[in-house]
Structures are given as structure tokens and as C-alpha cells.
Amino acid sequence: MNAIEISGIKKSFQNVHALKGVDLAIRQGEFFGLLGPNGAGKTTLISAIMGLVRPDAGTIQVMGYDTRRQAFAAKKLMALCPQEINVHTYFPIQKIMEFQGGFYGFDRKTSKQRAEELLKRFGLWEKRKVGKVKLSGGMQRRLMIARSLMSDPKILILDEPTAGVDVELRHELWDFLKKINQNGRTILLTTHYIEEAEQLCGRVAIIHEGKIVACDAPQTLISQHTQKAKPIRRFVRPGTLEEVFVNLTGKRMEEAQQWEIAPRL
Amino acid sequence: MGNSTPFVTLLRQEWFRFTRLWKQTIFPPIVTTVLFILIFGFSLGDRIREIHGLSYILFIIPGLAAMGAMMNAHTNCSFALYMSRFDQSIDNMLAAPLRSIELVTAFLWGGIARGMLVGLVTLAVSLLLLKQPPYHLGWTLFFLITQTVFFGCWGIVGALRAKTWDNLATAQNFIITPLIYLGGVFYSVDLLPGIWRTISSFNPLLYMIDGTRYGVLGVHDLSLLTSAGLSAGMALLMFALCVILFQKGYRLVR
């Protein structure tokens, strides 16, 4: 049984076809990367998995549970670390963490213990009594990852988790993510850092204009897609996943980095 | 891991949301209502003749308590949900294994708790000042609860529909406040001339306020059963509407 099985997912927003029939299977215990330029459909796909976007067609199964018909069972197995810092603006972060544990069924004592462990692990314990507005950008990112781990999920979905994080912290997070993946957790990661995908992911899918255009191990993709054509842009490292990305999407990663964070109202 | 833990956590979260800011959420509405009583009751009340054999100050207390409960239930629910949409923390709750009915009940619980606190403290302070025990505590609680449920749900619907903070304020300023003021807080519907009395009878809040007055003072203008039935019926209908909107993901799921 696959951890996540996506079949024929389509989604349109008015006249924009965000997903045009996506098929994807992510195996249990896999560290899977989803790469794509801005507006390719990465966040829409992740949101569909989490039940925050309702697909127009297709099905998604999480450990065999249909995310629409058996949403409750599916949601128990997953946790999302979104791009946006979507925590209560004025709640102390310790409370945010403790409530998160409770949402997934942990009693108060266990939630308190887990919150303390994770806040300490991510260097946020000293800030436990302040709200998100008093945290730096890097601290907010760490909080998001810590919160997503509160539920001890079997499947962890990370949407650009290291965006805007300094190099040292990024490498520290990579080591942490590798470790929790080795412990058996399935990880689905979207990133615009090619190096991140190369370092962490066993397999990578490249999504472009709402379709998966390639899906395989990074080395296989490199051998398949870097021989055929010369890179269409200069300053692209040859023989890397970045060259694969450029050849398949026609965009450089820097262009793909731009995203908008706006309240959805 | 117990099955009720996620729901209980939601309730705790909504309690925490308004009690941590009690100086802004609980204290001011109580002060405002007590000021209303002092100004309209003690300073102007002597110039108004008795209504249903009661002094004017006693007559307006139940309506003012009901008004405080309604307004605060509405404000709490609409603000909590709209803020959650604004900072997108609602997405985290929607992604968690929580049912629509649990989410609605939790948001509503915040509104009911805040509204009841304001309503009951206002009543307690006022009745203590006037040395008047409540006539029927059961009916008082029944009407306060149904009012806070109805207005809390109204706040939830408003927060789902709103696209700006302005939208929320508009509903409160131009719809809810006039309906409450025209719902017999300061006067008996018996004193209105024929046509205005007929028009007032279409204001559902009239029945809620009249019922509260019966619970507190034992006097009423309208049929108690009609008031009770309408209040409970409207509260249940609004609650069902909220649950349906959440289940459909109205303005929540894209």
C-alpha cells in the first residue's frame, strides 16, 4: 500500500486550470520531493491532499483511506507544515503547540510534554510565552515545523519549509528531517532549493502547469533529461537537477522562488 | 488517546481566546450595561411612569442583560472565526481530524460563554443593587442560552460571508443593533400604537427580550410559549445552517 496515491486530480479556479489530471504514488517511508515553478500547482496539490482544496475530479488515498469519504481517518495520519505562518496571531506559542497536540487526541499532560520537547528541540523554549509576531522569520519557520510534528504523524507534508531560513539552520533542519525519515516517517516536500531536493529526496516529481512532467530518483532524472538538450539558459549548473528542471519547465529555480502569501478571504 | 480530547481541546482554545483578554472582552460590556442602567434607570427613570407595575429601572434590566449577551455572543463568534480566516489558522483546524459540528460548536461555545458571562454578571450586579431576586432562573437561563446560540451562529455566518473587517462592523451596526434597540429593550410593546406594534411583531428579538423579562421579573407582553418556541427554533435553525456551511466548506475550502 502506498502512503499517498493520487489519481487523475483536476482542479480549476474560475478560468485557471491549476491541476490538469495529476497521478502520483508516494511509497511508505519515502522522502519525496515536489518541484515546480511558481503557480505550477504544488500548493494546490498539497492542499487537496489535506482537504483544504476540493478537487473537481480524481481521487486521493492516504494509507488506503479516501481523503473525501474517509477524511477523518486520513487526516489522523498526516500533518502539514504550510508555507504561511498560519498560527493564531496572539496566542503564546506554547499554547499553540499544546492545542495542536489536543486536536490529534493527545491528553493535556502528553501535549504539554511534547510541546516542551519540540520547542526545546527547535530552540524556541525561551520564546514560549510570546506570540508569532514577536518571533523572527527563522523562528516562525521552526515553529511551523515543530507544530507539524506535535501529532507524531505517519506522513509529514512540508510546503517550502526552509524558505527564508539561513543556511546554518537549513542544514540543521535537513539533518533533522533525514533522521525522522530514517525512523520510518513518509515525507512529502515541496521546495525551490534544488540542493535540498538532491540532498534529501529519494524520488522527485516535477510539476509544471498543473501536470507531472517527470517523476523519478534525482540521479535517474539527471541522466534522462540532461543529455537531450542544451540548457536553455546560461548560469545553470550542468548535470544537476537544476538543469533537468530548466529543460522541463523552461524556468530557472530563482524564477520559481517567487510566491505570494496573502490571506484567503 | 481519548475520543473526546480533540473536541475538548477546541472548547479550551475558544475559552482561552476570549478569557486571556478579559479586560477587553468581559469587563467593558459589563461596565457599559451598568452605565446604561444608571443613566436610563436612576437619572431618567423617575420621569417615566411604571410599566407593568414595575419601576422603569427594573423594567429595562432584563433587556439590557439580554442585549449584552446577544451582542457579545455575536462579536465573539464573528471575530474569532474571521480572525482565524484572516491569519489562516482556520486551515490548521480544517486539516486536523476535527468534524464540522465540533468546529461550529467550539466557535459557538466561545460566544455562548462570553455572552452568558456578560448577561449573568450584568443581571447579578443590577439585581443585587436593587435587591430584587430573579423571578424564574430556569426561564432566564433558557432565554439567555437561546439568544446567545442564535447570535453566536449569526456571528459565524457573518464571519464566513465577510471579506473585510468592515463587513463585520456593518452587520453589527446597521442590522443587529437597530433590531435589538427596536426589540423592546427600553419599552413595552404594549405602549406602541397599532401599526408599530404589528411591525414590531416581525422582529424576532422582541420575543427573546420579552421572554428574558419574564424569567427575570415575571412580566411579559407576548405569549411565553410563542417566545420560547421561536427563540429555540431560530437558535436550532441557525446552528444547523452553520454546520451545513462548514460541511460544505463555504468560504473555507477552495
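In this predicted model, strand S3 (residues 31–35) of chain A and strand S9 (residues 203–208) of chain A run parallel and are joined by four bridges. One residue pair in this arrangement involves Leu35(A), whose bridge partner in S9(A) is Ile206(A).

The two strands belong to an open sheet of six strands in chain A, with the order S6-S7-S8-S3-S9-S10 and mixed pairing. The edges are formed by strand S6 (78–81) and strand S10 (211–216) of chain A; each has a single partner strand, so one side of each lacks a neighbour in the sheet. On average, and with direction ignored, neighbouring strands of this sheet are turned by 15° against each other. Helix H5 (residues 137–149) of chain A packs on the sheet, where it touches S6 and strand S7 (155–159) of chain A. The direction of H5 makes about 175° with that of S6(A).

Two packed helices are described by the angle between their axes and the distance between the axes. For helix H4 (residues 56–86) of chain B and helix H10 (residues 204–217) of chain B, the axes come within 9 Å and cross at roughly 125°. Because of this angle, H4(B) is oblique to H10(B). The crossing of H4(B) past H10(B) is right-handed. On the H4(B) side, the contact is made by Leu58(B), Phe59(B), Pro62(B), Gly63(B), Ala66(B) and Met70(B). H10(B) contributes Leu205(B), Met208(B), Ile209(B), Thr212(B), Arg213(B), Val216(B) and Leu217(B). Classified by residue type, the contact of H4(B) with H10(B) comprises ten nonpolar, two polar and one charged residues.

Note on methods:
Residues are numbered from 1 along each chain as its sequence is written. Chains are lettered from A and ligands numbered from 1 in the order in which they are written. This is a predicted model: local features need pLDDT of at least 70, side-chain atom pairs count only at pLDDT 80 or more; totals for chains, interfaces and linings use all residues. Side-chain values use heavy atoms; hydrogens and water are left out. Axes are lines fitted to C-alpha atoms, for helices over the stretch in contact, and angles run from 0 to 180 degrees between N-to-C directions. Angles under 35 degrees count as roughly parallel, over 145 as roughly antiparallel, 65 to 115 as roughly perpendicular and the rest as oblique. A crossing is left-handed if the near helix is turned anticlockwise from the far one by less than a right angle, and right-handed if clockwise. Contact means heavy atoms within 4.5 Å. Ala, Val, Leu, Ile, Met, Phe, Trp, Tyr, Cys and Pro count as nonpolar, Asp, Glu, Lys and Arg as charged, and the others, Gly among them, as polar. Two strands pair if DSSP finds at least two bridges between them.
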